Amino acid sequence: MHEMSLVRSLLRQVEDLLIEHGGESVSAIHVEMGPLSGVDRVLIELAFEQLVVTTFCADARLVIDEIPLSARCRDCQTEFNLEDFRFVCPQCDSQQVQITGGDEFRLLEVEIETADRCRASQEEKPCCEARA
Ligand SMILES: [Zn+2]
């Protein structure tokens with residue numbers, strides 16, 4: 001399954017960040033997913049459930065941010081989000097539309113818990129946010 005290997009490499013990235021930031025555990029993993037990413041959200045969530053328990057991030061929550069398909073008009077340079085796969089510029093009705101985003105499946109942000117800072121601040125919420 002394609003999603004399994006995606007999630008596996010996602011979790012590897014997260015573990016690298018965790019080590020880099022000297023964190024104890026990961027509370028949340030934020031990813032962004034575009035409509036052209038070719039991945040199935042349900043399969044991603046399933047793969048995550050199966051794989052996360054084998055990692056340092058066992059208690060982490062997966063937060064999937066679904067991003068729109070974005071495009072730019074080649075004629076008037078307007079940038080816009082495509083809806084319903086209608087490849088027409090909303091400004092000038094041109095069909096010379098170039099896709100500029102929406103095929104991503106990537107790590108956005110990891111919420112890392114660090115023991116030191118948590119003890120220092122007595123806070124339960126994640127106190128260290130690492131950007132990918
Ligand atoms: Zn246009």
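In this predicted model, helix α1 (residues 2-20) and helix α2 (residues 41-52) have axes that come within 9 Å of each other and cross at roughly 55°. Four cysteines, Cys73, Cys76, Cys89 and Cys92, are the protein donors of the zinc ion.

**Helix packing**

- The crossing in which α1 passes α2 is right-handed.
- On the α1 side, the contact is made by Glu3, Met4, Leu6, Val7, Arg8 and Leu11, which meet Leu43, Ile44, Ala47, Phe48, Gln50, Leu51 and Val52 of α2.
- Sorted by class, the residues in this contact between α1 and α2 comprise 10 nonpolar, one polar and two charged.

**Zinc site**

- Each donor to the zinc ion is an SG atom, contributed by Cys73, Cys76, Cys89 and Cys92, and these donors lie 2.2 to 2.3 Å from the ion.
- Along the chain, the donors of the zinc ion follow the spacing C-x2-C-x12-C-x2-C.
- The angles among the four donor atoms are 106 to 116°, and the site of the zinc ion is tetrahedral.
- For comparison, the ideal angle for four tetrahedral donors at a metal is 109.5 degrees.

Key
Residues are numbered from 1 along each chain as its sequence is written. This is a predicted model: local features need pLDDT of at least 70, side-chain atom pairs count only at pLDDT 80 or more; totals for chains, interfaces and linings use all residues. Side-chain values use heavy atoms; hydrogens and water are left out. Axes are lines fitted to C-alpha atoms, for helices over the stretch in contact, and angles run from 0 to 180 degrees between N-to-C directions. Helices (H or I, at least four residues) and strands (E, at least two) are DSSP runs, numbered from the N terminus. A crossing is left-handed if the near helix is turned anticlockwise from the far one by less than a right angle, and right-handed if clockwise. Contact means heavy atoms within 4.5 Å. Ala, Val, Leu, Ile, Met, Phe, Trp, Tyr, Cys and Pro count as nonpolar, Asp, Glu, Lys and Arg as charged, and the others, Gly among them, as polar. Donors are N, O and S atoms within 2.8 Å of the metal (3.2 Å for Na, K and Ca); water is not among the atoms, so sites may look incomplete. Four donors count as tetrahedral if all angles lie between 85 and 135 degrees; four count as square planar and six as octahedral if opposite donors are over 155 degrees apart and all others between 65 and 115; anything else is irregular.
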